[in-house]
Amino acid sequence: MVKGRGSAMAVAVTAMLCMMLLHFDMAHAATYSVGGPGGWTFNVSGWPKGKSFKAGDILVFNYSPAAHNVVAVNRAGYSSCSSPRGAKVYTSGKDQIKLVKGQNFFICSFTGHCQSGMKIAVNAV
């Protein structure tokens, strides 16, 4: 009987440690609303300035899906305001995108929007 209690206690302690580790990992990720209260819109390219981003942080893009989208692009796509073949396109209007380590680039691919500053470059450490 004592052996059974010890096994149950070990399982409970292991489960508790796993939950704490999961919470610890989630507690360090930050969530950012791109563009602040105005959301994902024109002239938002300067929004990342002065912010520190880490790999695993979440960017939330809020916008009207009838008017905009979000496309994850490479540096060339960002610079030229074009979507490379196979680029991931988001269209929900409430997109949540996890940052990867290094440079992360996003544009709106609707005609003229990227050229009007609807693009951001975020470096995550």
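This is a predicted model: local features need pLDDT of at least 70, side-chain atom pairs count only at pLDDT 80 or more; totals for chains, interfaces and linings use all residues.
1. Start with a term. Helices and strands here are DSSP runs, numbered from the N terminus; a helix needs at least four residues and a strand at least two.

2. Now the overall layout. The chain has two helices and seven strands. Along the sequence they follow the pattern α-β-β-β-α-β-β-β-β. Of the 125 residues in the chain, 31% are buried. The accessible surface is about 7,900 Å², and carbon and sulfur atoms account for 61% of that surface. Take the contacts between residues at least 6 apart in sequence: 69% of them join residues at least 24 apart.

3. β2 covers residues 58–62, runs parallel to β1 and is joined to β1 by three bridges. As background, strands of a sheet pair through backbone hydrogen bonds, either parallel or antiparallel.

4. Other strand pairs involve β6. Strand β3 (residues 70–73) and strand β6 (residues 102–107) run antiparallel, with three bridges between them. Val71 has Ile107 as its bridge partner in β6. β6 also pairs with strand β7 (residues 119–124), again in the antiparallel sense, over six bridges. There, Gly102 has Ala124 of β7 as its bridge partner.

5. Two backbone angles deserve a check. Most residues other than glycine have a negative phi. Asn43 is not a glycine, yet its phi is positive, about 55 degrees. Cys81 is not a glycine either, and its phi is positive too, near 55 degrees. Cys81 sits in the loop between α2 (75–80) and β4 (88–90). Cys81 has a relative accessible area of 19%, and buried means under 20%, so Cys81 counts as buried.

6. The largest nonpolar core holds 18 residues, and Trp40, Leu59, Phe61, Phe106 and Ile120 have the most contacts inside it. β2 and β7 each supply at least two residues of this core. β7 gives the most, with three residues. Apart from this core lies another, of seven residues, including Val71, Val73, Tyr78 and Phe105.

7. Residues up to four places away in sequence are not counted here. Phe61 touches Val34, Trp40, Val70, Gly93, Lys94, Asp95, Ile97, Phe106 and Ile120. Two of the names on that list, Trp40 and Ile120, are also among the core residues with the most contacts.

8. Asn69 lies in the loop between β2 and β3. At 6% relative accessibility, Asn69 counts as buried. Its side chain and that of Ser109 are joined by a polar contact of 2.8 Å. Leaving aside neighbours within four places in sequence, Asn69 is in contact with residues including Trp40, Tyr63, Val89, Ile107 and Phe110.

9. His113 is another loop residue. It is found between β6 and β7. His113 is buried, with a relative accessible area of 13%. Beyond its neighbours within four places in sequence, His113 is in contact with Phe42, Ala67, His68, Cys108 and Met118.

10. Last, Ala29. Its place is in the loop between α1 (2–27) and β1. Ala29 counts as partly exposed, at 33% relative accessibility. Which residues does Ala29 contact, leaving aside its neighbours within four places in sequence? They are Gly56 and Asp57. Ala29 and Phe53 are 24 residues apart along the chain, and their C-alpha atoms are separated by 9.2 Å.

Methods:
Residues are numbered from 1 along each chain as its sequence is written. Side-chain values use heavy atoms; hydrogens and water are left out. Two strands pair if DSSP finds at least two bridges between them. Buried means under 20% relative accessible area, exposed over 50%, partly exposed in between (1.4 Å probe, protein chains only). Contact means heavy atoms within 4.5 Å. Accessible areas come from the Shrake-Rupley method with a 1.4 Å probe; for residues, only the protein chains shown count as cover. A polar contact is a pair of N or O atoms within 3.5 Å; within protein, one must be able to donate a hydrogen and the other to accept it, and residues adjacent in sequence count only if both atoms are side-chain atoms. A nonpolar core is a set of buried Ala, Val, Leu, Ile, Met, Phe, Trp, Tyr and Cys residues joined through side-chain atoms within 4.5 Å.
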